[in-house]
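Subject: Structure for you to look at

Hi,

Here is the structure I promised to send. Please open it, and then read my notes below.

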Amino acid sequence: FIGTPFAFDSAYDINNAGNIVGSENVGNGITKSYIINSDNTNPIYIETLGGRSSFARAINNNNQVVGSAEYSLNNTFQHAFLYANGQLRDINGFNAPQSFAYDINDAGLIVGNINLTTFGDPRAFVHDGTTMRNLNSLIPQNSGWVLQEARAINNNGQIVGKGTINNQTHAFLLNPNTAQN
């Protein structure tokens, strides 16, 4: 491998075309998300949802980007976003004070977590581009699980993340047929 330096602070994901997403601290407490191709030319900066900062976390092979961005100049709370075709959309659901998107597959399924209270009580979600669903509503109620964060989704629809079962933290894997029940 040969390293290629980038002028950006952080790179979080890369798609098969070599397009990279990440975040750059541009000063004065402002962080901007970016998309850039692998030859480090012509970056696209993703704006915020009304606040000062945004944080891109994943890009799929259709160049759809997800992350989170501040939605108000009055606080630092963030909402999950979808950036596609030059448009930034707030995809926060359930009127949650905060939400974070961590990954998107090529079918456009997005995973992340919402905080049910101002400073916590996280719940994992899946978003299909239109509707956000709490992953806990897609598993058996008596399973003992509380799915807190969905961190990745592959093109087969499998979701991994972390949660608690019987009050102990563990990683989880959801398979699509399980999530459909």
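Start with Trp145. Its bridge partner in E14 is Ile165. Strands here are DSSP runs of E with at least two residues, and helices are runs of H or I with at least four, numbered from the N terminus. Two strands pair if DSSP finds at least two bridges between them.

A word on the source: this is a predicted model, where local features need pLDDT of at least 70, side-chain atom pairs count only at pLDDT 80 or more, and totals for chains, interfaces and linings use all residues. Residues are numbered from 1 along each chain as its sequence is written, and side-chain values use heavy atoms, with hydrogens and water left out.

Back to E13 and E14. They form a hairpin with 5 residues between them. Gly157 sits in the turn and has a positive phi of about 85 degrees.

Next, the aromatic rings. The structure holds 1 aromatic pair. Which kind of pair do Trp145 and Phe172 make? Their ring centres are 6.2 Å apart and their planes stand at 80 degrees, so the pair is edge-to-face. The rule covers rings of Phe, Tyr and Trp (its six-membered ring) with centres within 6.5 Å; planes under 30 degrees apart are stacked, over 60 edge-to-face, and the rest tilted. The pair links distant parts of the chain, 27 residues apart. Trp145 is in strand E13 (residues 145–153), and Phe172 is in strand E15 (residues 168–174).

Trp145 is partly exposed, at 25% relative accessible area. The cut-offs: buried is under 20% relative accessible area, exposed is over 50%, and partly exposed lies in between (1.4 Å probe, protein chains only).

Two arginines lie over rings as well. Arg57 is over the face of Tyr12, 4.2 Å from the ring centre. Arg151 is over the face of Tyr102, at 3.8 Å from the ring centre. A charge counts as over a ring if NZ of Lys or CZ of Arg is within 6 Å of the ring centre and within 35 degrees of the ring normal.

Now the open sheet. Its 4 strands have the order E9-E10-E11-E12, with antiparallel pairing. The edge strands are E9 (98–104) and E12 (132–134), and each pairs on one side only. E11 (residues 120–127) pairs with E12 over 3 bridges. There, His127 stands opposite Met132.

Then look at the loops. Which residues other than glycine have a positive phi? Asn28 is one, with phi near 55 degrees. Asn28 lies in the loop between strand E2 (20–27) and strand E3 (30–36). Asn28 is exposed, with a relative accessible area of 70%. Phe94 is another, with a positive phi of about 60 degrees. Phe94 lies in the loop between strand E8 (87–90) and E9. Phe94 counts as partly exposed, at 46% relative accessibility.

Last, Gln64. Gln64 is in the loop between strand E5 (54–59) and strand E6 (65–70). Beyond its neighbours within four places in sequence, Gln64 is in contact (heavy atoms within 4.5 Å) with residues including Leu82, Tyr83 and Ile104.

Best wishes
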